[in-house]
Amino acid sequence: MQIMKWDDMKLLLDIARNETLSAAARALGVNQTTVARRLEALESGLETRFFSRSATGLHPTAIGERALDHALRAEQEMLAVEKLALHSEAAESGVVRISTLDGLIADVLMPRLADFRATCPDIRLELIASMGNVSLSRREADIALRLNRPAQDLAVTRKVAELGFAVYGRRDQPAEALPWLAYDEMMAHLPEARAAIAMMAGEAPVLATNYPRALRQAVRQGLGRAMLGCYVGDADPALVRLNGPDPVVRRPLWLMVHPEVRHSARVARVVDWLDDIWRHDGGRLAG
């Protein structure tokens, strides 16, 4: 019989909180198959069913309810220890975790990281790439940058920028000859994906993916045209905007910080650094 780990308990909590595998997958930023496979492996390894399946979703079994009680207590104890550590460190040192999209990490935060390290050498950043919404209240991150404003998470939230999206192709290829590249079904609900679908007018894409950076690479290889973030497409000399000077879609970017950490000196320094980025790069981000 396998040994249960914290990641296993967290999986049970995420499934219970979201009630379906697809909703849990969106929250975790992975695909539904991954969640289903992890749950199946856990239940098989422990020879126990934690959830019963029905047309309306997944429901905890009797032993699942008891396991969730233990997992919730474990989560609360971990948060309590982290809170002790947080309030014991008023100095500008320690770890600050930022969760955001991988594209923002690579193309917006990383180019400014050397400046931050020069002014705050005692703060260690953990940059967590995730398409799903992390829970700040459960301390999965200290700061989150998201395109969707959370409805329930107890976070201090403010709009810090706008991200523009436009259609790009290779500069050396005629636009009319380029087929479409698209987001897959997992991302079809996003405003930029819906706008791209409308522009396709029924044309089937030759490639679909849930990985936006893969779309950029496909466009650079001359495989077709795709909806990309303007901060990515405009910065690439090999690409050209095909839909005109204005973005097709603009989406607000939200910065979220849990109330219990926003007065931490190290978190405040990181937020100041991020605010400098928005002031400097706001126009580029908006497209």
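The side chains of Glu43 and Arg49 meet in a salt bridge with a distance of 2.6 Å from N to O, where a salt bridge is taken to be a side-chain nitrogen of Lys or Arg within 4 Å of a carboxyl oxygen of Asp or Glu.

The model is a predicted one, in which local features need pLDDT of at least 70 and side-chain atom pairs count only at pLDDT 80 or more, while totals for chains, interfaces and linings use all residues. Residues are numbered from 1 along each chain as its sequence is written, and side-chain values use heavy atoms, with hydrogens and water left out.

The chain as a whole contains 10 helices and 11 strands, these being DSSP runs numbered from the N terminus, with helices (H or I) of at least four residues and strands (E) of at least two. Of its 287 residues, 43% count as buried, and the chain exposes about 14600 Å², of which carbon and sulfur atoms supply 53%; the accessible areas come from the Shrake-Rupley method with a 1.4 Å probe, and for residues only the protein chains shown count as cover. Among the contacts with a separation of 6 or more, 75% are between residues 24 or more positions apart, a contact being heavy atoms within 4.5 Å.

Side chains of opposite charge can pair when their charged atoms come close. A search of the whole structure finds 17 salt bridges, and one of them joins Asp14 to Lys10, with the closest N and O atoms 3.0 Å apart. Both residues belong to helix α1 (residues 6–18), where they are four residues apart, or about one turn of the helix. Asp14 is itself buried, at a relative accessible area of 5%.

Another salt bridge connects Asp236 with Arg220, and here the closest N and O atoms are 2.5 Å apart. Asp236 lies in the loop between α9 (230–233) and β10 (239–241), and Arg220 in helix α8 (residues 212–220), so the pair ties together parts that are 16 residues apart in sequence. Asp236 is buried, with a relative accessible area of 3%, while Arg220 counts as partly exposed at 34%. These two residues also belong to a network of salt bridges that links Asp107, Arg213, Arg216, Arg220 and Asp236.

Turning to aromatic side chains, a search of the whole structure finds one aromatic pair. Phe116 and Trp273 form this pair, which is tilted, at 4.9 Å centre to centre and 45° between the planes; rings of Phe, Tyr and Trp (its six-membered ring) pair if their centres lie within 6.5 Å, and planes under 30 degrees apart count as stacked, over 60 as edge-to-face and the rest as tilted. The pair links distant parts of the chain, with Phe116 in helix α6 (residues 113–119) and Trp273 in helix α10 (residues 265–286), 157 residues apart. Phe116 is buried at a relative accessible area of 1%, and Trp273 likewise counts as buried at 8%.

The structure holds zero disulfides, a disulfide being a pair of cysteine sulfur atoms within 2.5 Å. Among the cysteines, Cys120 is buried with a relative accessible area of 5%, and Cys230 is buried with a value of 0%.

Methods
Buried means under 20% relative accessible area, exposed over 50%, partly exposed in between (1.4 Å probe, protein chains only).
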